[in-house]
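My notes follow in the order I looked things up.

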Amino acid sequence: KLSIVKILVYLSILLTSLTILNIKIITEEGFKSRFEYLKKINQNYNPDNIFLNKVRMKNSQQNLNDFNEKNFNIIIAGDSHGSDLYNSLNLNRDSFGDKKFYFIGDILTNEVNTIFKNEELLRQANIVVVSYRWNDNNFELFKKSFDKIKYLNQKIFVTSRTNEYKVFSKLYTLLDYELLFNNKNLDYFGFKKLYFENRVISSSSIINQKLKKFAYKNNLIYLNKEDYMCNIFKKECDYVDKDGYKIFYDYGHYTEHGARYFGKKIYEINWLKIN
């Protein structure tokens with residue numbers, strides 16, 4: 001058995017080691033040199049996913065007080081994946097002419113209160129796009145509240161659940177893992193097929209098939225996000241933009257550069273079907 005003295009000695013050594021390590025991290029800017037070789041692969045690669053999450057919406061602020069029914073207004077309702085879609089559209093708003101985009105958040109939790117709290121916005125919008133990280137629970141909530149939403153606005157679009165990709169921890173995207181831990185292949189732009197092969201959610205997933213069936217049954221426009229995220233015929237999915245900026249900071253949320261990239265593709269393929 002360890003004596004109290006030995007335990008205190010071990011704790012002292014541990015605390016001293018942690019202190020030295022923290023000082024080293026601070027003075028060396030988080031072991032910045034560890035990732036310098038990755039900059040040689042692509043200067044725009046950023047392994048700091050916490051930072052990419054933090055700044056993803058910084059250039060896409062909105063003010064719902066600016067809502068003007070004289071404009072062509074598109075309301076996006078949903079969770080963080082809905083805000084990803086809003087960010088993609090709003091960052092490319094100059095391409096969409098007179099279209100104005102607004103995000104009102106979750107309307108399915110306590111649906112009566114949240115829907116009618118936004119009643120005027122929903123009623124006056126030209127289009128209401130409902131976009132969530134869909135699962136059986138919020139899909140059932142959507143079906144239950146559908147009549148309330150449709151009462152306010154007949155022009156309802158519903159999106160698929162976005163593509164999601166295999167990750168090995170919350171800290172790393174699939175690209176990060178390949179570069180940091182499995183970097184035998186250093187073709188920075190050469191992982192499109194790997195992303196396609198590592199989809200854990202795609203257009204063929206059961207939840208998306210349910211959504212698609214419900215949309216067609218109720219005369220809703222169904223928008224498949226995989227249409228702008230991947231090329232099914234080539235079996236490829238995008239993960240960086242043309243300059244090498246990461247599109248995702250986790251399993252499927254968009255970085256700011258990812259939102260800009262996807263928003264441009266949304267416009268180019270007329271994914272919203274509004275041109």
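This is a predicted model: local features need pLDDT of at least 70, side-chain atom pairs count only at pLDDT 80 or more; totals for chains, interfaces and linings use all residues.

Strand β1, residues 72–78, is joined to strand β3, residues 127–131, by five bridges. The two run parallel. I picked out I76 and looked for its bridge partner in β3; the partner is V129.

Next I asked in what order the strands of the sheet are arranged. I read β2-β1-β3-β4-β7, five strands in an open sheet. The pairing is parallel. I then looked at the edges and found β2 (99–105) and β7 (221–223) there. Each has a single partner strand, so one side of each is left without a neighbour in the sheet. I also noted the twist, which averages 25° from one strand to the next.

Then I turned to the helix. I found that α10, residues 206–217, lies across β4 (156–159) and β7. Against β7 the helix runs at about 160°.

My last stop was N208, a residue of helix α10. Is N208 buried or exposed? I read a relative accessible area of 0% for N208, so I logged this residue as buried. I listed what N208 touches, leaving aside neighbours within four places in sequence. N208 is in contact with S160, R161, I201, S202, S203 and Y222. I also checked N208 against N224, which is 16 residues away along the chain. Their C-alpha atoms are separated by 8.5 Å.

Terms used
Residues are numbered from 1 along each chain as its sequence is written. Side-chain values use heavy atoms; hydrogens and water are left out. Two strands pair if DSSP finds at least two bridges between them. Helices (H or I, at least four residues) and strands (E, at least two) are DSSP runs, numbered from the N terminus. Axes are lines fitted to C-alpha atoms, for helices over the stretch in contact, and angles run from 0 to 180 degrees between N-to-C directions. Contact means heavy atoms within 4.5 Å. Buried means under 20% relative accessible area, exposed over 50%, partly exposed in between (1.4 Å probe, protein chains only).
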